Each structure stands twice: as structure tokens, then as C-alpha cells.
Amino acid sequence: MLRFNGLFLSLSVLFLGASSSSAQQYVQGEMIIKLKGTHSASKSKQFYGKMSSKISLKASFGGLNVHHMVLKPGQDMAASINELRQDPDVEYVEPNYLLSVIAPDKSDNRIFSTEEAMATVTASSTGSYSQSYAPVKVTEGWAAATVTSSVTPIVAVVDTGVDYTHTLFTTTGAIWTNPGETGTDSQGHNKASNSIDDDGNGYVDDVRGWNFVAGTNAPMDDDEHGTHVAGIILGVSQDIFASPLTAAKIRIMPLKFLNASGSGSTSDAISAIYYAVRNGANVINNSWGGSAYSQSLHDALAYAYNNRVTIVAAAGNATSNNDTTAMYPANYPVPSLISVAATTDSDTLASFSNYGRNYVHVGAPGSGIFSSVPGNAYRYMSGTSMAAPFVAGMAAMVFREAWNLTGYQVKNVITSTVNPITSLSTAVSTGGRVNDYNAVTAAKLNASISASQPVYVASAPSGYRAPSSDASSASGCGLVSALSAGGFGVGGGASGAGGASAVVVLMLLPLAVMLYVKKAAQREAHRNSRRQHERFVMNSSISLKVGDRELQGQVKTISEGGVSFCADSMLEKGGIITMMISSPDGSEQVQVQGHVVWNEQNGAYGVKFDEAKDSVLDHIRNWSRNLAKAS
Ligand code: CA
């Protein structure tokens, strides 16, 4: 129960503080509870019965044993949470935290009509497009993309809603429609308006997404934020200022959970995320956030990852370091989540942008971005809220070219094809700004790749390790690591603060291999060279340098041609890595460089040595004398 200590430490601060600002950080009287074990209607009912004098059920997140509860009048929230914490049926309980839109800079208050917007933006033929003049190679990406494709990736815009009546979206047909709520029912009525949940997904007439604020099927934008975000996403896939507009290659799924003031609850955010995943979204854009760690939100994003969805999150506009002041959801270490900083047209980190060499991954244009707003209009906005949808649109284009990639692999395509820029070198983990052309091209090279991925568990007791049956299968790695997920930052505390951390299990994934897919001949040469060397079973430690990160791992087998190993974290930026390998008795170390590959069959990484020096090979030969041959 260690991981709950931090939550309640934070809560006590929150309650003792009792200032008006802290009181606004959660919905008064509401909490999110996860019950232990698998979901069972009778067990849940028993629990509500037991607690009926104190709390009532507001909603359940179907099948997940996560419940949205409301305190009965007169109940004290802190006392109730403390009591629930002791309940043997409760896995976790947390306040229903409030989340906010990451408010953009709208100081350029000019509003353009569609005609004015099209006249303003005429530059697509020169390669410097429209929404941004940053060198992200969007027009080149269009040229490189497959002309016709049978897939139309879906991007969920979890935001203030989208003006789905905007001519940009109606002309292009870009708004997702739910196939289960279109056509006519058995009575001859239009399914979109028959007041029946035709597809049984829990939402009545949800023909184009959902409004979780009002509980209606009209996710209309009553701000400007979500419509601006949606226009940026669409604008990565096609020229949104062309006349005439062409048919959309991707779909936008509008999911409104932020109200007109830009505020929303965690319960609505997770409802939107579960809706997105269950209704086929491939990418989820999150241009919003908060400082409080929420296990239920982390669980929802883990669910998205486990369903192969790419998650994009804005890093925040506070000019702060996300490595020391956590921002969520950007900071959840979900493998398929990309945290995005904002850059300018001249390729510098935008002055307002958050950063973090561990928790922020890439930069994308977020300064002076021209996009759609409600009422068939367009305007400029600046913020990481604008940078994230650039990446979300790219993720959709990567999926379009390589449909079978996992969400994590799509992230890897994007993070591994950035252009390094000076002002991001220590500001984001890749040190670079995204490049759409590079990503689309890399995706096309990997169109035939299809891989399974291990399950990501968003929380686990401290020190959790894989069951040995998983870890020992073949040379596979199973669960390999426990990582800190960051503090329960009601006050925006530092991440990873000792006992206040949630523990997250990361597992190895097939990843960098696809970016380093060479021509078939080269691959064959690799295979042949591997066969030339006998492999020996090692179980010594290894330290890996990937960029400026240092990872730890275990060598499984070694040969003069390379090693297979398990690392304690995923390699977000693979390719060539430098390894420090310890001898089986720990007395010697050698440093060697090589190419990362992923062996799907063994479920382990491999590194093919590029230029192992003779002295290194001498060491390996010496060690091997006392080692068993690998089968
Ligand atoms: Ca429905």
C-alpha cells in the first residue's frame, strides 16, 4: 500500500490548506474508486450497499472495476477517503481532480473568414505551408504519402469540443461518424436520432463523438480551443487552405470534456479516453493537463496503450521543467505517450513552452499557428496546445502508411526521425523538432511490420517484478523494470519523490528495429554474420548509453558478433548504442558499440557489434571459455 501514502500525504496538505485555490483542484464531494479484483456486478453492488450511508454511485467505467462516486450530504471528504483507504475492497481512491485546457496565447486577435484565410495562405507550392512556417516538411509529407489508402486513421480530440459544422470539416468529411449509429433501424428510423443506443456502446445516438460535459451527442465547441486543435491535426494531413478542399485522409473524433471555461473533471477525461479507444481511435490528442497525479487517468492511458493507441500530450505553457514539476498527462510514463514542447518558426524553443529532457520528448511548431475556429473562421494561436496536434496529425499519417504498427512504434517513428535543433538539445529527450516528411518516409519503409506488444501496467507495488515464468521464457525479457511514475503532485511537487511515487512496470517492446530496417540484403548479411559466431549464455550486467541516458540491463547471450539482452527501460531512441558489458565474474568491463535489433521470437533485444575492437573480442573469447553454449 506504499503507493497510496503519497496520495494521502498530498490530500492532507490539500485539506489542511483549505485555500480557495486548492479547493478548486477537485470536484467537491466526488471521488474515483477502483475496487480490487476483476469487475463483478454483484461484488460492486455489495460494496455500494455497504457504503450506502456515505456514498452513492454516479457512474462505472464498464468492466474495469473503476467507479465514479459521490459523497452523500454531510459527509466529510477527507475522513471518507481515509476510511475508504482502509477498506479491504478498495484498490485505490482519489478525488475527482479538475483538469484545465492548456490556455493558448490569443494576443493576435484577428479573425479571418474562410475567404480571407485562403487568400492569406498561398504558399503551399513553395513547401512552406500555412499553419506554421517552421521547417517541419508538412507539404513534403503530403507528397511522400501514399496517394490512395484503404485506411483512414482516427484522431480523438479530447478537448473543448469541435465545431463540426465548420465548412473545413463538412467539406472534407473529416469528422468521424460512428458506423453503429448511422443508417436506419428496424423501425425505419434514423439511427443517429432514434434515441436508441443502437451499437450498445453506452451512448445514445453518438453519431459523431460525445459531449461528456453536457451528457449529449453534440460535442460542439463552446470555446475555440478544440476546433483550433482539430484544424491543426487535419492540416498535417492535407492543405486546409486549398480551394477546393480535398477529401480528408484521416478522421477527427470530437470528445468534449472541457467546458466553455476550459475546465473539466478527471472522471470525464477518462470517460472520453475509454470512449476513444473503444470506438476505434488510433491517436488521442490531449492539449490539457493538471499537476495532480491520478491513478485512474494513468490507468485509462495505459488502456489506450494496451490497445495500440498513440497518445499525444501538450507539455504545458509555464516555461517550467516537467522533470522537476510534473505536468499530467504529459508526464505519465505510458510507452506510447509523446509529450510535446512548442517551437517557433525559426526553430527555437518557444518562450512559454515547458521542457524536460526526461519527460518531454519532441518539439513541434506551437508559435503563431493559423487554424480553424468556430463559425467558419480562422485565427492565430500559440501554445503547446497547438504543438501537440501537429504530432497527433503526424501519428495519424504514420498509421495511414503502416497500419499494423503499435501506438508505441508510431511514437518511435516520430521520435526517431526528428531534426536535432540547438535549443532543444537539452530541453527534450530526443533533442529535436519533428519532421513530417521523415516520419512518413520511415513509416512507408515499415508498412509490412506487425508486432505484438507486452501489456503495460500503470501501477504496481514497489519493487514489483515479473513472475519468473514470464521472465525466463526462452531468452525473453518479460517484465523487466520498475520505474517511478512521479509524485502525487497536488501542489505540483517534484516527480519521483520517494515513497510518494507510484511504481510503474515497463516492459520491452519491439521498437528501434523497424527504423533501422535496411535493405533485405543487409539484413541477410546481418543474419549470416550472426550465424558465424557461437553464442554463449551470460547473465552479467550491462549498462547502455542511449543519447545522454544511461540504462541498466542483463546480457542473456553473447557472441563475437553481438549480444542479446534485456534492458531496464525501453530504448526510445535506438539505432546505434554504446554498451558497457561486465564479465560473468564482474571483474572486467568492455565497451562496445552496435546496432539495436529486436528479436520478436526471443522477445529480447539484440545488438550487432559494428566494429568491436580485437581487444574486446579477446575478452569475449576469454569469458566464453567458461560459459555454456546457447541453444
Ligand atoms: Ca451508441
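Tyr 303 is partly exposed, with a relative accessible area of 22% (partly exposed sits between buried, under 20%, and exposed, over 50%, using a 1.4 Å probe and protein chains only). This is a predicted model, where local features need pLDDT of at least 70, side-chain atom pairs count only at pLDDT 80 or more, and totals for chains, interfaces and linings use all residues. Numbering runs from 1 along each chain as its sequence is written, and side-chain values use heavy atoms, leaving out hydrogens and water.

**Aromatic pairs**

- The structure holds 19 aromatic pairs (Phe, Tyr or Trp rings, six-membered for Trp, with centres within 6.5 Å; planes under 30 degrees apart are stacked, over 60 edge-to-face, the rest tilted).
- One of them is the tilted pair Phe 61 and Tyr 274, at 6.0 Å centre to centre with 40 degrees between the planes.
- Phe 61 lies in strand E2 (residues 55-61) and Tyr 274 in helix H9 (residues 266-278), so this pair ties together parts 213 residues apart in sequence (helices, H or I of at least four residues, and strands, E of at least two, are DSSP runs numbered from the N terminus).
- Phe 61 is buried at 8% relative accessible area, and Tyr 274 is buried at 5%.
- Tyr 274 also pairs edge-to-face with Tyr 303, at 5.0 Å centre to centre and 65 degrees between the planes.
- Tyr 303 lies in helix H10 (residues 295-306), so its pairing with Tyr 274 of helix H9 ties together parts 29 residues apart in sequence.

**Aromatic cluster**

- Phe 112, Phe 241, Phe 370, Tyr 378 and Tyr 380 make up one aromatic cluster.

**Asp 185**

- You'll find Asp 185 in the loop between helix H7 (167-172) and strand E7 (210-211).
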